[in-house]
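Work through the two exercises below with the sequence and the structure in view. Each task is followed by a solution in steps.

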Amino acid sequence: MDTDEGLEACTKKRSSFHSTIVIVTSTFLLLFPVVIHLQTYPLRLFGYSTSASRAFFYTWRGLAAINVTGQSSSSDTIIWTSKLRESITFLPLKDLRVARTAMEGNTWFMSSLNDTYEENEAEYLYFPSEASRGRILCIKGRDTHDGTKNSYALAWPETIPDSATLMEGLTFVSDTYYDYVNLWHGLCAMAPFVGWSIENECIRPSRWVLFHWGEMRFKMGSWLEHLMEANFGQVKVESFEGGDGPYCFEKAVVMRHNEGKMGKQKKLQVSDLLRCKARRFCGIANGAEREAEVNERGEPIIRLTLFMRRGSRSFKNATAVTDIFTRECAKVDGCHLNVVQSEELNFCDQVRVMTNTDIVASPHGAQLTNMLFMDKNSSVMEFFPKGWLELAGIGQFAHHWMADQSGVNHQGAWWEPLGEKECPTPQHDLECFSFYKDGKVGHNETHFADWAREVIGQTKIRKTGNVMVSKQSSIASCIC
């Protein structure tokens, strides 16, 4: 009898122990997979705080720590928390498996995660959120040449790696296919953050983390930095001075498609805000009095600006081009010509020049991104060197798109005729374009004169007959 009772007792103990292990292990596997993947939910992400994930974590912790006798064990909690920290898997920021399709719907940056998309808005990721199941974003590495050496993971706030640094506040994380120095490229990368902020009570970031192809970048170009400072206040670009990390972010917004699916109305809203903020930052009035401004004879003031550049894509004969526009402007009462060298202007000078311009004529180049600061319904005239029309592809229309999203009228472009190809490899368009890409722009006196006369005339009609409409459309409201 003693032997049978002892065997029965031993069997019960084994069964109880086995049940405890099954319950704890099943709970762990159910709620915390070792390899972290993000599922997409059509839910609004902003405002999902770490307190929600803490509550969920405490619920799990309570379940995991209760054994079959109904008693909890703090040592069990410590053990499982430690295991969660150790089980976090970091994946490469740049996934070479989708390198060939990085611009075609897939993305090689954080490739395992799916974006949230809301109508008219840019695609984005937000952490922590219900889509991330309350987990926050962690990044490890600061390599500037190979994005596969930098990595990311998601973790519960209470179970981030022991070696991690928790960065408080909101972090804007950007990855771009282009760069943050060129005015146009930089604006395309930053505009989605401005749009997201507008939709979320104009919230400002505590810091920026910048990547290009998963490779870390430690600064923006001066023009872009000033524009972001005008809108968000002081710009802090994170350099992870503490080493390779990992670094985990209390809250983070990730943009990796530039403007992507952002709708036209949102782009116009972003442009209105940036125009307004930049003018305020530079001490320039946002009023509409410029549209109603007239000279002593009651004729509307028309300000025409030749926005010149040096080096590549500058005019071969800037003097001849200036003479053409000078003559045509002088024929129209109220027209004033201003010739400006773009490289000589700081950020606020550029804002000021464009604010006081009704028509800008300029060779193709990043300096034309400054049309952002012009009043709505102003006009842009663009000039290209030979070879661009035939060989450049859709990139040559970047400032057509810029005009469309900022409410400015792109009055077309002039391409210098190519004629017979002079490039060393005329059978290879891409190589041939490289030969012409940075060439200088010629001129056609008859065409330039006729074109200038037409655009000046249209501007005079608009400013004479539609002053009230123009006044209303030119007002840029600082909605934030």
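Ala, Val, Leu, Ile, Met, Phe, Trp, Tyr, Cys and Pro count as nonpolar, Asp, Glu, Lys and Arg as charged, and the others, Gly among them, as polar. The model is predicted: local features need pLDDT of at least 70, side-chain atom pairs count only at pLDDT 80 or more, and totals for chains, interfaces and linings use all residues. Residues are numbered from 1 along each chain as its sequence is written, and side-chain values use heavy atoms, with hydrogens and water left out.

**Exercise 1.** Describe the lining of the largest cavity.

Step 1. A cavity is a set of points on a 1 Å grid over the protein atoms alone where a 1.4 Å probe fits but cannot get out; lining residues have an atom within 4 Å of a point.

Step 2. The largest cavity holds about 70 Å³ of space, a volume being the space filled by probe spheres set on the points.

Step 3. Its lining has 12 residues, and E118, E121, Y124, W196 and E199 lie nearest the centre.

Step 4. Sorted by type, the lining residues are six nonpolar, two polar and four charged.

**Exercise 2.** Is D358 buried or exposed, and which side chain does the side chain of D358 join in a polar contact?

Step 1. With a relative accessible area of 7%, D358 is buried, as buried means under 20% and exposed over 50% (1.4 Å probe, protein chains only).

Step 2. A polar contact is a pair of N or O atoms within 3.5 Å; within protein, one must be able to donate a hydrogen and the other to accept it, and residues adjacent in sequence count only if both atoms are side-chain atoms.

Step 3. The side chain of D358 makes such a contact of 3.1 Å with the side chain of K463. A polar atom of the D358 side chain also lies 2.8 Å from the backbone nitrogen of R303.

Definitions and conventions
1 Å grid on protein atoms, 1.4 Å probe; cavity = no way out; pocket = protein on both sides within 12 Å on 5 of 7 lines; lining within 4 Å.
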